[in-house]
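I went through the model one item at a time and wrote down what I looked up.

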Amino acid sequence: MLVLLESTVRDEIPPPDALVMDIRMPRCDGLAVLRALRLSRWNVPVVLMTAYPDQETLGRAAELGAACTLAKPAAMDDVVRAVTIVTELAKRRTEP
């Protein structure tokens with residue numbers, strides 16, 4: 001995933017309107033990716049998903065600036081609704 005994001009920095013591909021990531025991924029932690037994004041000042045809205053929505057994990061996600069966190073299993077309608085909402089809010093924040 002980080003390789004794709006680096007490609008957007010080099011203007012090789014357009015940046016995404018939002019990212020949807022699991023918190024627990026093989027070889028990569030969604031919270032670590034979110035932290036790296038925020039440290040690089042990338043403000044793309046991030047929707048995190050987790051099968052383990054404990055208070056510590058949800059709090060950490062909020063601290064790092066996750067737009068929202070969904071508990072798995074999540075219905076596809078809920079994921080689409082979350083992405084629609086966070087992208088619309090992000091657009092409103094950047095409009096003059």
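I looked up R41 and found it in the loop between α2 and β4 (46-50); helices (H or I, at least four residues) and strands (E, at least two) are DSSP runs, numbered from the N terminus. This is a predicted model, in which local features need pLDDT of at least 70, side-chain atom pairs count only at pLDDT 80 or more, and totals for chains, interfaces and linings use all residues. Residues are numbered from 1 along each chain as its sequence is written, and side-chain values use heavy atoms, with hydrogens and water left out.

Phi of R41 is near 65 degrees, a positive value in a residue other than glycine.

I noted R27 next, in the loop between β2 (24-25) and β3 (28-29). Its phi is positive too, near 65 degrees, and R27 is not a glycine. R27 is exposed, at 88% relative accessible area.

I looked at the peptide bond from K72 to P73 and found it cis, with omega near 0 degrees. P73 belongs to the loop between β5 (68-71) and α4 (76-94).

Which residues of helix α2 (residues 30-39) are buried? I listed G30, L31, V33, L34 and L37. They lie on the same side of α2, because they cover an arc of only 160 degrees around the axis, the arc being that of the directions from the helix axis to the C-beta atoms. An α-helix has 3.6 residues a turn, so residues three or four places apart point the same way.

At the start of α2, I found a side-chain oxygen of D29 within 2.8 Å of the backbone nitrogen of L31.

I turned to the sheet. Three strands form an open sheet in the order β1-β4-β5, with parallel pairing (two strands pair if DSSP finds at least two bridges between them). β1 (19-22) and β5 are the edge strands, each pairing on one side only. On average, neighbouring strands of this sheet are turned by 25 degrees against each other, direction ignored (axes are lines fitted to C-alpha atoms, for helices over the stretch in contact, and angles run from 0 to 180 degrees between N-to-C directions).

I counted 4 bridges joining β1 to β4. D22 has M49 of β4 as its bridge partner. α2 packs on the sheet, touching β1 and β4, and its direction makes about 165 degrees with that of β4 (contact means heavy atoms within 4.5 Å).

Terms used:
Buried < 20%, exposed > 50% of the residue type's maximum accessible area, 1.4 Å probe, protein only. Polar contact = N/O pair within 3.5 Å; in protein donor to acceptor, adjacent residues only side chain to side chain.
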